[in-house]
Amino acid sequence: MELRDIKALVLLMREHGLLELEIEDKKGKVRLVRGTAAGSDDKPSSAAASRLIARTEPAPAAAPGVPAKKNDGSASKGNAGASGGIDLKPNQKLVVSPMVGTFYRAAAANAAPFVEEGDTVRKGQALCIIEAMKMMNEIEADTAGRVVRILCDNGQPVEYNQPLIIIEPA
Amino acid sequence: MFKKLLVANRGTIAIRIIRACRELGIPTIAIYSTADKDALHVKMADESVCIGPPAAEDSYLSIPAIVSTVLTYGADAVHPGYGFLSENGDFAEACRRSGVRFVGPQARHIRLMGDKPRARRIMIRHGVPVLPGSEGKGVTELRDAQASAKKLGFPVLIKAAAGGGGKGMRIARDQQELARLFPLARAESEAAFGSRTMYLEKYLERARHVEFQILADNYRNVIHLGERDCSIQRRHQKVLEEMPCPVLTDRMRDKMGKAAVRAAQVVGYANVGTIEFLLAPDGQFYFIEMNTRIQVEHGVTEMVTSIDLVKESIMLAMGEKLRLSQRQVKYSGAAIECRIYAEDPDTHIPSPGIVSNHHSPGGLGVRVETALYDGYQVPVHYDPLVAKLIVHAERRDLAIARAKAALREYVIDGIKTNIPLHLKILDDPDFQRGEYATDFLRRFEPAAAGTVEVPRAVGNA
């Protein structure tokens, strides 16, 4: 790959806020990491990951991104279904997806899940991954607390603002 | 046939695309922002995916969000509609790289036609008539603009090379005005398109905006489906369109149509597109630009030709050959489209709000394209176009009568619309005689001193 190609890639990464990028073509493979990434030791080895702080929505939990699908007859909306009727207690918070993508509970297919229901998490701990356009985005807890419920299945497509995890802040 | 098509748009055109897909048996995915969770296209599509917050840059204009949706939810085609990313070469390219078919032309054609001075040069080279204008790749400095204007003679139109939507466009009637307006237009272009490159065109008084609909397949077959007269416009926003153009003879239609076909052919264009011309009072016509997408006003052509342009765009994207030859295109009667904007009819200030009651007109030859319904809240974030009323009749005078009857029947309570303006236009004797140009709507404007009006259309359609 030519130097100017790499320069163009760096510009693209900056433009779209990407922290890591891996590209493979006929000429070979290149992996770019931008300086602002968090500590890289605990990154999934299989793929590049950028870290995102989870955006939590306070209770009550009418998740803004979820359409009010009132008797919409013909339309069958499969994917946002998980968010249907979530009962949030006043002391609970909802972790919602910051982007459209695929929800993963673990860093790799054979790896242990980041968290299980009932686990205690510290602020900044990885909760799950949203894969968007081959980019693995770690979703971090924005607060310490206890994982009450995991609302999505591993490998499930999720929408922007879709509820992922219920957390009870410590 | 495509297995699943993602509709990368909202509002009336999203509804239109979903309907076409239903007829073709293609399941659809709607995308929406959090502001649009109750929008009709979300309810109508087979699946719908929230892709971002209200700001268009983070939702309907976000290439990563849309491509991620395509990959995550498994669409094999994307229809961009009009506006938003429909004329963004990077988006078309991103779709192709993701292995999904973009319903539209190739990225290089979008980019080529988006570079207005370059499109002009190509047309000049291939003998398509173009307005006299600044030569080369455009001008960025005032003194070059001054030299160019001197050669052209005033008045001149200052335009943005990356232009669209009337931004960065001003008429200058003398050197003094040019010196004042050129930096202004350039600043506007820089803000809107990130480009300081401008170009000049000779400004034509009393011209009409007449555009030709093009259909082209991947095998270099190109036909035109006749013209639309889009001269009724306000600040480069089309308000009312009609077909046929009231002053166009069959001979002129043939001549301009051939030029439009040539314009598409010389660049190897494929899919639907529109070649915009200015038609001067002396019958001379000039290429101004090409729109590389479906237009807002496509319905007018559909009524007169009985050809479903949205379905055609999908079939052409699948690699089908054109099903019609030029000779098989038949025109029947006259059609008029009234664009209904959610705006104050006098001040043109947008009027978002809750539509408390929506009754759309019906009957023979009356078609309404809208995303409105009872209780729908028109969001503040997007284009104010909320409905298109399209009428069709055997003759122009009958179409005018039908449009008036339908507009009087149309009830949209809760928000203000420009329906009263449409009634004024249709009642105007000059309009009824077909005698109008791009400055027509100024007669209904309160005389405002000091405002700069550019009676020339571009707009997003």
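Predicted model: local features only at pLDDT ≥ 70, side-chain atom pairs only at ≥ 80, totals over all residues.
Helix 11 spans residues 309-317 of chain B and is mostly covered, with eight of its nine residues buried. The buried ones include Leu309(B), Val310(B), Ile314(B), Met315(B) and Leu316(B). Glu312(B) and Ser313(B) are buried too. What covers them? Among the elements of chain B over these buried residues are helix 1 (11-24), helix 10 (298-305), strand 9 (208-216) and strand 12 (271-279). Strand 4 (77-79) and strand 5 (101-102) of chain B also contribute to the cover.

Next, the sheet. Eight strands of chain B form an open sheet in the order 13-12-9-10-11-14-19-17, with antiparallel pairing. Strand 13 (285-291) and strand 17 (366-370) of chain B each have a single partner strand, so one side of each has no neighbour in the sheet. On average, neighbouring strands are turned by 25 degrees against each other, direction ignored.

Inside the sheet, strands 9 and 12 of chain B run antiparallel and are joined by nine bridges. Opposite Leu215(B) stands Val272(B), in strand 12 of chain B.

Helix 9 (residues 250-266) of chain B lies across strands 9, 10, 12 and 13 of chain B, at about 105 degrees to strand 10. Helix 12 (residues 396-409) of chain B packs on the sheet and touches strands 14, 17 and 19 of chain B, its direction making about 140 degrees with that of strand 19.

Last, domains. The assignment for chain B gives domain 1 (5-103), domain 2 (132-202) and domain 3 (208-444). The C-alpha centres of domains 2 and 3 of chain B are 28 Å apart.

Notes: Residues numbered from 1 in each chain as written. Chains lettered and ligands numbered in written order. Buried ≥ 20, exposed ≤ 12 C-beta atoms within 10 Å, placed from the backbone. Helix = DSSP H or I, 4+ residues; strand = E, 2+ residues; numbered from the N terminus. Contact = placed C-beta atoms within 7 Å. Domains from an automatic or database assignment. Pairing = 2+ DSSP bridges. Axes fitted to C-alpha atoms, helices over the stretch in contact; angles between N-to-C directions.
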